[in-house]
Amino acid sequence: MAEKSFKYIILGGGVSAGYAAKEFASQGVKPGELAVISKEAVAPYERPALSKGYLFPEGAARLPGFHCCVGSGGEKLLPESYKQKGIELILSTEIVKADLAAKSLVSAAGDVFKYETLIIATGSTVLRLTDFGVKGADSKNILYLREIDDADKVVEAIKAKKGGKAVVVGGGYIGLELSAALRINNFDVTMVFPEPWCMPRLFTADIAAFYETYYTNKGVKIIKGTVASGFTAHPNGEVNEVQLKDGRSLEADIVIVGVGAKPLTALFKGQVEEDKGGIKTDAFFKTSVPDVYAVGDVATFPLKMYGDMRRVEHVDHSRKSAEQAVKAIKAAEGGGAVEEYDYLPFFYSRSFDLSWQFYGDNVGDSVLFGDSNPSNPKPRFGAYWVKDGKVVGAFMEGGSGDENKALAKVAKARPVAESLDDLTKQGISFAAKV
Ligand code: FAD
């Protein structure tokens with residue numbers, strides 16, 4: 001059992017960790033000052049690739065192609081880059097105990113890591129059907145997707161069950177992206193989710209109607225308003241059937257479950273203030289414990305624009321929060337300060353030939369604009385959300401680079417909208433004028 005001390009430790013090896021390391025490197029760290037500790041076996045990478053390019057039947061994305069920070073056009077930190085920059089990358093190392101008062105972390109192997117400043121970047125873990133006691137949920141080929149090891153299992157199952165039947169449980173990001181990926185791999189795909197439409201946390205019924213019809217046209221079957229209530233398996237343990245709560249059953253060679261995630265905060269329970277299920281931070285991602293910061297999916301931070309505390313599970317925030325925390329740490333060391341984090345929420349997704357972006361807040365009334373006919377070869381439509389007479393959120397499928405920039409501008413500026421009808425008529429040109 002070894003003991004090592006660092007000035008800074010980043011706990012976690014995901015997106016936030018990669019962007020925090022890049023920021024430390026660009027501000028300058030001395031060799032041996034900074035360690036990144038991750039339970040994954042690979043250096044930080046752009047996680048969204050796992051549900052997209054990683055699953056392509058041909059020309060699939062593979063590491064080192066998507067290590068951080070290529071996702072935002074930044075420098076790619078290869079495993080050897082960390083060493084070159086004097087950063088210790090400690091992989092395949094799970095921290096099982098954290099003592100924030102003693103400033104020490106203990107790994108599963110019993111190694112002790114001491115720090116002066118800690119950045120918690122542990123991200124989220126998937127919710128599992130076994131956690132809810134669903135019968136047969138531990139059968140083989142019932143798969144989840146969070147880390148690269150999970151993605152490798154999906155790739156293996158796709159190869160082993162070529163052209164078979166897949167059931168996707170969940171109608172959110174993972175459900176939609178994985179249904180598309182499996183369909184592209186020639187699987188017979190059925191999606192099952194309990195809500196009245198897909199992506200209900202963001203999409204309105206109108207937006208969802210476009211995606212559901214588009215997916216149906218691509219051959220994906222969609223079953224709404226029910227859940228998977230049990231699974232049966234072949235004698236070899238591999239899943240062969242999904243039972244639905246409404247009494248139906250579906251044959252399945254592979255089941256992918258995407259029913260949500262929870263932030264990994266358990267190590268710090270009782271040691272740090274929490275809010276809305278995450279670790280509470282200020283606008284510099286400082287927690288209630290001195291010298292401890294939390295970034296990415298685990299942080300509940302002040303969202304300045306809206307004057308409330310939020311936790312955001314999206315890649316853009318994980319990158320920007322990590323950079324903000326490191327900038328704040330380095331500025332404080334020099335006796336200075338940085339501006340408060342002023343985040344504009346931004347989410348995106350890609351599947352089949354589709355690509356959408358959303359900026360702002362999806363609250364209030366909403367209106368659709370453009371051509372949302374799913375049969376058109378190049379659908380291009382959008383939506384605005386209007387609250388208290390102001391446009392607060394903007395969405396677009398198939399937008400160009402300039403149009404997406406206009407969405408961001410309108411969501412940030414929150415201009416007054418004359419009427420919902422006017423927004424529908426003006427469409428993207430309303431945002432372009434802001
Ligand atoms: P993560 O990237 O999850 O990193 C956490 C890291 O901490 C992991 O390496 C983990 O192994 C490590 N860790 C956790 N606990 C320990 C421990 N005890 N000891 C050691 N290491 C530990 N967002 C979008 O906006 N658009 C998308 O299209 C999109 N696609 C996605 C696709 C997939 C498949 C997934 C899973 C997420 C996607 N997201 C997307 C969300 C986005 O990837 C996350 O919000 C982002 O990765 C969060 O970054 P993070 O650093 O907080 O956590």
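I take helices (H or I, at least four residues) and strands (E, at least two) as DSSP runs, numbered from the N terminus. The expected span of a helix is 1.5 Å times one less than its number of residues.

This is a predicted model, so I keep to its limits: local features need pLDDT of at least 70, side-chain atom pairs count only at pLDDT 80 or more, and totals for chains, interfaces and linings use all residues. Residues are numbered from 1 along each chain as its sequence is written.

**Helix H1**

I checked the length of H1 (residues 15-27) first. Its 13 residues should span 18 Å at 1.5 Å a residue, and the end C-alpha atoms, 19 Å apart, agree with that. Just past H1, I found Gly28 with a positive phi of about 100°.

Next I looked at burial (20 or more other C-beta atoms within 10 Å of a residue's own, C-beta atoms being placed from the backbone). In H1, 10 of the 13 residues are buried, among them Val15, Tyr19 and Phe24. What covers them includes strands S1 (3-11) and S6 (112-120) and helix H6 (315-333); contact here means C-beta atoms, placed from the backbone, within 7 Å.

**A three-stranded sheet**

I then followed an open sheet, ordered S12-S13-S14 with antiparallel pairing. S12 (228-233) and S14 (249-251) are its edge strands, each pairing on one side only. Pairing takes at least two DSSP bridges between two strands; I see five joining S12 to S13 (residues 239-244). Thr232 has Glu241 in S13 as its bridge partner.

Conventions:
Buried ≥ 20, exposed ≤ 12 C-beta atoms within 10 Å, placed from the backbone. Contact = placed C-beta atoms within 7 Å.
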